Amino acid sequence: MSAGGPLRALAELRLRVLWRRLRGGSGVPELVARIATFAFAIPAGLVFAGLTGAGAYQAARAGPGLRSSIPVAALYFGVWQTWMAVSLSVSDRSQLDLRRFLVYPLPPARVYGYGLAASVLGDPFTWFWCLLLLGAFAGAALARPGAWLALLALVSLGFVAATAAMAALVQELLGRLLRGRRVRELGIAAIYLGLAFLLLSSGGGPRPGVFQAIRTLARFRWLAYPAALASEAGAALFTGRSAAALPWIAALLAAGALSGWAAYRLALADARSGGEGAGGAARAAGGGWRLPGRLAPLLEKELKYLARHPLVTVLALIVPALSAFFGWKVAPHLPAEAGEVVRLLPLVGLAMYTHLATEVFWLNAFGGDRGGARAWFLAPVRLEDALAAKNAAVYALALALFAASAAALTAAAGAPPAWAVAAAVALHAGAAPWFLAAGNVVSVLVPRAASTSIQRGGRLSPLTALAGMALVSAVSAVFALPVLAALRLEWPWLVAASWAALGALGLWLYRLALPRTARLLSARREALLAAVAGDDE
Amino acid sequence: MLAIETHGLTRLFDGKPAVQDLSLAVPAGAFYGFLGPNGAGKSTTIKMLTGLLAPTSGRAAVLGTDLARDPLAVKRQVGVVPDGLGLFERLTGAEQLRIHGQLYGLPRAEAARRADELLGALELADQAGKLVGEYSHGMKKKLALGCALIHGPRLLFLDEPFEGIDAVAVSGIRGLLQDLVARGAMTIFLTSHVLEVVERLVTHVGIVREGRLAAQGTLEEVRGAAETLEQVFIRTVGEERPRPGLSWLGEGGAA
């Protein structure tokens with residue numbers, strides 16, 4: 001029996017699933033949001049492609065030297081690091097799960113390869129990166145037409161394949177080597193902190209320089225081997241040394257193939273082992289939390305859910321540590337003559353960031369419940385209470401993150417003025433009811449089943465992500481107005497007072513919205529349950 | 001008194017009826033088996049009676065209370081094991097039971113005490129500290145049954161409780177349910193495809209076909225003296241179909 005027929009069927013399956021994922025399953029708004037995501041990525045990609053094309057044009061005509069090597073390196077390293085960051089944190093990698101396909105008489109390597117291709121083709125961010133590379137190619141072609149362009153195309157294709165393979169490999173390594181849940185979260189946190197420490201510590205003197213940072217990073221460039229190999233090959237090609245580029249091209253293609261093969265072997269081993277399995281020691285059965293009030297059991301459930309979510313562990317480790325780094329390296333360099341209000345910025349940034357960092361919980365409040373969401377509609381629970389408990393738990397998380405991060409920042413940079421602390425606290429508390437009230441509505445209108453893994457996706461739907469961006473922008477704009485007024489009037493306490501007032505208004509609106517959102521939730525319970533409870537794993 | 005009474009209950013999905021003009025009468029204290037082929041509307045009916053779905057038209061009263069008028073009052077007296085189970089995967093078994101009991105209004109200490117007893121009765125005491133997400137399917141079914149019982153409901157809805165679990169677990173659940181009904185402790189409304197088990201448990205039967213009630217009454221009335229429940233079921237839903245040839249089966253794989 002030839003493999004052609006089944007493999008064609010597999011390719012058709014991948015394409016149909018990809019098409020349906022892109023089309024979305026939640027009706028017109030979801031489709032519009034997906035189109036909007038691509039509509040942003042592609043024109044933005046075209047604009048940036050034009051810029052990279054201009055840079056490539058200059059590089060192709062410049063000949064040997066920095067004028068050609070820097071744009072080439074910037075292009076490949078820039079694309080690589082953003083692609084990797086997005087892949088590891090945002091992209092859905094369910095197409096690389098081999099478990100469903102092991103039962104079929106199909107070569108698992110081909111299945112994995114098809115999955116890798118589908119994961120690339122279905123990602124709007126990847127289209128953005130490819131447009132940049134296409135722009136660079138176009139600029140180079142305009143500057144110096146010739147046979148060398150075939151090799152340049154090969155470099156770009158090899159770079160795309162190697163980066164996609166490397167992202168898959170890193171995903172599999174994190175999942176395999178760090179099998180224990182807590183260890184994996186600590187590992188991810190350590191990677192982010194290590195990279196941040198590297199970057200921030202590269203500035204040794206009182207004024208950390210861009211060139212010093214670049215020199216530090218250059219020592220570790222071979223860790224980013226797709227970008228390093230592509231930029232070596234590209235630099236040779238742009239300076240007319242095609243023969244010198246050939247070994248780098250061969251190395252790039254080999255590295256990509258090796259990464260893909262290694263990722264596949266790890267994915268196959270994982271699939272054959274049954275995945276994560278039932279690991280984890282049994283916990284003590286007794287006890288529980290004695291919380292006061294009518295919402296006690298609801299609050300206990302929500303807080304425990306958050307405490308056991310891997311993202312929360314990562315945030316708890318990363319955010320305070322990054323704040324401390326910031327306080328150590330950056331805050332001392334804020335010029336005193338910039339004014340007191342500018343010195344408020346680090347704390348203010350933290351106050352808003354901790355809400356942003358937890359948005360996956362307040363923009364998709366029911367996603368993590370999965371099949372358990374049925375309980376909200378089966379048990380004699382007022383839906384306002386369920387919403388309020390979820391909001392209280394998320395706010396407690398954001399507050400804890402903010403407090404820990406502000407303490408770390410203060411320890412590193414010194415105590416800020418009292419009005420700055422008051423303003424930041426007022427901002428954090430004042431923005432919360434606005435985010436939570438609007439987040440409740442988004443959670444009800446656009447629910448999505450959320451994964452508990454931080455490797456294989458579990459992010460928000462495109463529509464939710466767009467709503468989140470719009471919401472954060474709107475709230476930030478409203479809360480920025482008092483800052484402008486305070487700058488003009490040079491009265492810093494105006495900021496704290498205004499934010500407290502906005503917070504009180506937000507709280508009043510939150511209490512007004514809560515029962516209405518509960519009624520909306522009741523009316524939309526079927527759609528919500530279909531979205532979050534439809535695929536109990 | 002009737003534990004469940006519906007009049008003209010109807011539910012449409014995209015204009016197509018899943019349940020049509022359903023008029024149920026389930027006596028209090030009965031063990032009622034609600035049977036039908038796949039897609040007949042059994043789960044849809046349970047979802048409407050437990051508040052997961054709103055009916056398109058018709059009325060339903062559960063334990064004498066209009067479901068549309070006072071759903072919370074109904075829910076306080078009812079326990080449900082839904083299709084899909086409705087468990088929180090990131091709570092431990094003990095937490096799931098205790099918190100569930102508290103959601104139904106039990107004081108914390110009482111909920112914890114009952115949770116411990118239920119874990120013992122359901123043979124889950126050793127797994128009480130594990131996350132529900134790590135339970136096997138059978139363990140989840142038993143835990144879901146415990147959640148449905150912890151608040152001492154007067155009416156229990158069970159949507160396919162025996163599907164996907166082994167004979168030992170089925171025997172345990174069956175024994176527990178029979179004991180509850182024998183004590184007159186509650187009314188049970190159950191859907192299942194496992195007719196042999198259902199026939200040994202139920203006192204009343206309703207058979208639904210294409211969303212409509214095709215037969216209803218005591219087990220003896222519906223079954224008649226000489227037939228098994230399976231024979232009545234097949235005759236009622238009229239599912240005998242000519243089998244296709246499938247001549248290629250046994251030829252040993254694709255050419």
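**Figure 1. B:R11 and A:E526 form a salt bridge between two chains of this predicted model.** The closest N and O atoms of B:R11 and A:E526 lie 2.6 Å apart. Taken over the pairing of chain A with chain B, the count is 4 salt bridges. Polar contacts between chain A and chain B involve 13 residue pairs, both partners being at pLDDT 80 or more. On the side of chain A that touches chain B, the elements giving two or more residues are α11 (296-307), α16 (374-378) and α21 (525-532). Helix α11(A) provides the largest share of that side, with 6 residues. Sorted by class, the side of chain A that touches chain B holds 17 nonpolar, 9 polar and 14 charged residues.

**Figure 2. Here is the interface of chain A with chain B as a whole.** In this view, 40 residues of chain A are in contact with 37 residues of chain B. The two chains bury about 3,400 Å² between them, and 58% of this falls on carbon and sulfur atoms. Which residues of chain A lose the most area to chain B? They are A:Y305, A:L378 and A:P380, which together make up 21% of what that side buries.

**Figure 3. Helix α3 of chain B (residues 93-103) is mostly covered.** In this helix, 11 of its 11 residues are buried, among them B:G93, B:E95, B:R98 and B:L103. The cover over the buried residues of α3(B) includes α11 of chain A, along with α4 (108-121) and α5 (137-149) of chain B. Just after α3(B) comes B:G105, with a positive phi of about 95°.

**Figure 4. Take a closer look at the salt bridge between B:R98 and A:E300.** Its closest N and O atoms are 2.5 Å apart. The pair crosses between chains, with B:R98 in helix α3 of chain B and A:E300 in helix α11 of chain A.

Figure 5. B:R113 is partly exposed, at 42% relative accessibility, whereas B:E117 is exposed, with a relative accessible area of 52%. B:R183 is exposed, with a relative accessible area of 59%, while B:D179 is partly exposed at 36%. Over all chains, a search of the whole structure finds 18 salt bridges.

**Figure 6. Strand β10 of chain B (residues 204-209) is joined by bridges to β4(B) and to β11(B).** Strand β10(B) is mostly covered, with 5 of its 6 residues buried. Strand β4 (residues 31-35) runs parallel to β10(B) and is joined to it by 4 bridges; B:Y32 stands opposite B:H204. Strand β11 (residues 212-218) runs antiparallel to β10(B), with 6 bridges joining the two, and B:R209 stands opposite B:R212. Strands β10(B) and β11(B) form a hairpin with 2 residues between them. In that turn, B:E210 has a positive phi of about 50°.

Figure 7. Most residues other than glycine have a negative phi. B:D14 is exposed, with a relative accessible area of 77%. B:L63, at 9% relative accessibility, counts as buried because the cut-off is under 20%.

**Figure 8. A:L311 sits in helix α12 of chain A (residues 310-329).** At 23% relative accessibility, A:L311 counts as partly exposed. Its C-alpha atom is separated by 29 Å from that of A:G414, which is 103 residues away along the chain. Chain A as a whole has 21 helices and 0 strands, and buried residues make up 46% of its 537 residues.

Technical notes: Residues are numbered from 1 along each chain as its sequence is written. Chains are lettered from A and ligands numbered from 1 in the order in which they are written. This is a predicted model: local features need pLDDT of at least 70, side-chain atom pairs count only at pLDDT 80 or more; totals for chains, interfaces and linings use all residues. Side-chain values use heavy atoms; hydrogens and water are left out. Buried means under 20% relative accessible area, exposed over 50%, partly exposed in between (1.4 Å probe, protein chains only). Two strands pair if DSSP finds at least two bridges between them. Contact means heavy atoms within 4.5 Å. Buried area is the accessible area (1.4 Å probe) that two parts lose on being put together, summed over both. A salt bridge is a side-chain nitrogen of Lys or Arg within 4 Å of a carboxyl oxygen of Asp or Glu. A polar contact is a pair of N or O atoms within 3.5 Å; within protein, one must be able to donate a hydrogen and the other to accept it, and residues adjacent in sequence count only if both atoms are side-chain atoms. Ala, Val, Leu, Ile, Met, Phe, Trp, Tyr, Cys and Pro count as nonpolar, Asp, Glu, Lys and Arg as charged, and the others, Gly among them, as polar.
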